[in-house]
Amino acid sequence: MTKQISEACLRKVAREELEILEGMINYAERMIREGDLAYRGMKRNAYGKALVIERENGGGATFRLGMDPLVYPKASSGYATPHSPVGRLCAVAGMGFEGYSKAWGDYQVTEARQFRRHNFEELEQHARNFLAMGVENAGGQGNVMDLRAFLGKVIAAADQVVRKSPAVSSKQPSRSEEVQKPVATVAPVGRVKVDPTAPANGEAKIPEISLGIEVSTGNTLSESAPASNEPLESSSVPAAPVLQILDDDEEEGSSLPIADVDDLDDDVGGELTERMSLDEHFFLNRTLNQDKIISRAPVGPMWVEGVAGSGKTSAALGRTKMLCDFNSNEVTDRETFRSILGDDFDYWEGEFAGKFSQDGSVGFVRTAELIQYLKETCSRLGMPGLPVLEYHELRSRLRSYRHLESSGSSGKRFKHSSDEGHSLTTTLAWLNAARLALARVIAVDLRERLVEVESEHLQRFTAHQRSLFAAARQGLEAGVDELAQELLSPLAAERSLYRLAARLLEKIQSLAQRILGPVTLSIHLGGHIAYGEGVPELAQRLAELPVDLFQQPNQVFVLYRAGAAEGGEALPCVSSSRYQFLSADNQPLSFNAALQASLEGASVRVLLPSLASGDGYEARFMPVNELFIPLGTPRSLLYLEGGALKWLKVGSGVGSQVLSDEDEQARTSVRKIFQQVALDRLAKPLKNFAGLYAKALYEYADSFPDAAIAWQVLERLEEQRLSDSDIDLLLCLAHDLSAGVTAKLPASLREAPFYQSVFVDEVQDFSEQQIYLMTSQADPRYSAITVVGDRSQQLLRNEEMHIANCFPIGTRPELVVLDENLRQKGQPDLAALSAVLRQLFKRGADTDVQQLDAALVHDQVSEQGAYTLRGFALRDEEYKYLCELIAAIPENKSVAVVLPDQKTARALHYLCAQVLEGSFRKMSVSEQIDLSKKYLVHFTSVLHVKGLEFDVVLLPMVDQYDLGQPVFRNRLYVGCTRARQRLVMSRLRVS
């Protein structure tokens with residue numbers, strides 16, 4: 001039996017904590033009055049844990065861990081926030097915890113204290129009090145309920161002892177007699193000092209209290225008086241003696257109330273220890289493995305797999321709280337952080353402070369059963385604004401956002417299909433096949449649609465503008481061809497469509513900016529166009545044109561590119577390669593010989609094929625990289641067109657100029673027209689997600705994992721019907737296609753708004769595509785994703801899942817395993833049974849079904865009675881047994897009767913309701929949020945109890961679970977692991 005801490009020790013601790021609490025609540029109320037309403041959280045939660053730590057450097061210190069990231073400046077209180085180095089340590093440390101740090105040296109926790117506040121409804125009245133306190137130190141353990149009442153009871157008990165003491169004699173008073181004098185003496189009316197601290201009858205002295213407890217002549221207690229460390233004062237005006245009427249019956253029972261209160265405290269104290277393993281106290285008392293989840297640095301996804309009852313859901317919520325609470329006040333410099341915690345804890349960089357919020361984060365669950373439970377937990381954790389959504393809410397919102405009903409090629413609207421479809425179509429393998437098939441379809445479509453990139457406004461363009469439009473279209477053709485090659489030969493299936501719309505948009509916008517932009521320089525030379533975003537680029541492009549340039553009417557520019565290596569031969573440009581060169585004595589010269597002669601000062605003449613001239617023209621050799629010099633000088637270059645020379649003119653922003661005959665309200669330009677036409681013809685058709693999918697199924701059905709199933713899906717799409725599995729797939733494809741698009745394209749082709757952080761509960765009960773879609777809702781800048789689950793609790797399908805591959809493209813999750821069953825920790829028999837079942841039910845082809853059946857055939861009773869298994873010859877006998885059990889279970893215990901399916905749950909509820917008519921025990925067929933009603937006996941299916949727990953679980957009809965299938969083994973495991981205190985299984989005997 002656990003050793004109990006002395007009452008004197010508990011009184012001392014209670015007094016100390018209430019004094020700290022008094023100061024904290026006073027500060028919180030002051031901040032609230034000044035307008036900082038966030039301090040309502042501090043007033044509500046105060047702190048939930050205190051540790052006394054003996055340190056090699058610095059001696060002993062008491063630290064108190066709160067739930068909120070709020071500043072309390074009184075250093076002597078030892079208050080620590082969750083993100084502070086001390087707070088991070090306190091969250092994982094308990095009694096006896098030892099460690100070493102640079103700042104503290106060797107240290108050890110010598111006392112741990114746990115606290116519970118009053119319920120919200122009672123909090124305003126009891127803000128300066130704790131509902132319960134648990135203390136553990138080397139002397140043992142102890143629990144106290146209602147700290148102020150506990151201290152008040154001690155004073156009342158001591159006062160009662162004083163009242164019963166004999167009258168004071170005239171002799172020299174003994175130590176015990178000294179205490180009686182001020183109490184026995186009639187107190188004068190007026191104000192005199194009354195010292196409540198003197199010891200009584202050799203017992204420990206009544207504690208010094210500065211908690212607002214007022215001592216009156218009637219020895220009543222009040223919580224409304226002001227706090228003080230000074231002896232309390234009483235009235236100094238003489239008063240009449242207090243006369244008492246003694247009654248034998250009253251006198252006999254005068255000490256009974258104290259004994260009754262003590263007994264009650266012990267009983268409720270046991271409940272305190274049990275409750276402290278649940279709800280928000282999990283956040284303040286976590287194992288090191290759980291802390292790896294909760295306190296992990298913000299960046300990157302995480303997958304938490306844990307046995308039933310391991311607290312994985314609580315850990316996911318705790319991580320979300322850490323993210324949402326991290327603000328600038330919580331930032332600690334790295335050196336200080338490491339000096340206390342070393343390298344075993346993740347350091348949070350200041351750049352993440354304030355990046356996450358409750359309303360900007362989200363939690364996803366498969367069905368509504370868990371929503372109310374999770375929302376209540378979030379509220380207790382100080383996150384009442386955190387959205388917790390069913391998956392179908394996300395599906396519905398995104399379906400509307402993507403306009404899937406109108407995303408076919410025919411223009412007709414789709415209707416919903418109740419067809420569940422084949423489970424294969426919900427896998428990543430099917431999604432990857434669809435990605436590759438769509439990529440091939442889109443590659444062909446893009447090339448075919450290029451011919452449609454023309455404009456009805458061409459006749460309104462100038463020749464210069466038409467040349468620029470043609471250059472932009474030519475560049476687009478090259479860009480689309482490059483995209484098509486990427487689509488046909490992707491590096492990986494999952495990347496084949498990723499950011500396709502964004503890549504296409506980038507190419508269109510880049511061409512429009514580079515060729516038709518407002519700062520683009522361009523030269524129109526007959527049928528040729530040169531452009532550039534600056535004179536040097538323009539010069540390079542001009543040199544690539546077959547145009548004859550003159551500096552003077554008798555002097556031709558001969559452009560060349562210098563050799564790459566020193567001494568290497570120069571290369572003539574396009575125009576220069578057509579020329580013939582003559583020396584001063586009319587001898588033909590090669591290009592390099594002519595260049596060398598010119599560099600040496602000799603005269604070189606050039607013959608142009610476009611002009612008949614016997615003598616030729618003077619050659620002026622110029623490297624291309626120097627052409628920008630004359631090009632940047634007005635009227636310094638001439639070009640030959642139609643046998644005549646014209647001044648070369650450089651236009652600026654010609655593609656962005658408003659068309660000349662455009663009215664004021666419809667102002668447009670070549671650039672705008674090009675962008676709009678390219679987007680309309682190439683990018684916007686990508687929003688026809690269903691149409692593209694149908695075309696991919698039709699043309700490439702054999703490339704899907706099962707061609708027959710592909711044809712079934714196509715038939716449904718051709719009937720203008722979309723099943724839920726079709727919608728999930730189309731939303732995944734739409735996410736890939738639209739990634740990176742924030743503007744310019746229709747809303748359905750833009751990225752959906754991201755959440756700052758995402759957590760997914762019971763991840764194994766979603767499809768692989770659903771997991772991908774949910775995790776992809778997290779902002780890719782941080783990928784703050786936490787998914788939790790247990791593949792041994794996979795209830796809906798037998799196929800093995802590949803969860804690690806279901807995260808956003810380009811990310812891989814960190815896997816954290818929780819293998820401690822905290823739910824059944826107080827019942828070792830139950831925990832051992834759950835562990836055995838998990839091992840027996842382990843998925844795999846070598847599972848021995850006969851061994852499983854044999855293990856669940858014979859009647860069993862655990863050593864401590866925590867679980868039983870009984871067999872019956874008839875089902876009616878089993879039902880009668882269940883009714884007897886339900887009638888005998890105390891009403892303060894939460895109970896669930898877990899059946900293989902909901903139809904059976906309804907039938908059994910009807911039977912039990914008739915048999916137990918007149919019983920005060922309320923029963924209900926429960927599904928969804930009904931399971932939160934703890935006073936009911938819940939008749940429900942195993943599918944509706946995932947993530948929940950009950951004091952007592954009745955698990956009848958065990959023989960109805962087909963243990964040859966993994967999904968039914970998992971269901972039985974889930975049912976067994978819902979019990980916290982007692983599990984009762986029953987079945988028909990095998991004949």
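In this predicted model, a network of salt bridges (each a side-chain nitrogen of Lys or Arg within 4 Å of a carboxyl oxygen of Asp or Glu) links E22, E29, K43, E124, R128 and R148. Residues are numbered from 1 along each chain as its sequence is written, and side-chain values use heavy atoms, with hydrogens and water left out. Because the model is predicted, local features need pLDDT of at least 70 and side-chain atom pairs count only at pLDDT 80 or more, whereas totals for chains, interfaces and linings use all residues.

The structure holds 47 salt bridges. One of them joins R64 to E17, with the closest N and O atoms 2.8 Å apart. R64 belongs to strand β2 (residues 59–65) and E17 to helix α1 (residues 7–33), so this pair ties together parts that lie 47 residues apart in sequence; helices (H or I, at least four residues) and strands (E, at least two) are DSSP runs, numbered from the N terminus. Both R64 and E17 are buried, where buried means under 20% relative accessible area, exposed over 50%, and partly exposed in between (1.4 Å probe, protein chains only).
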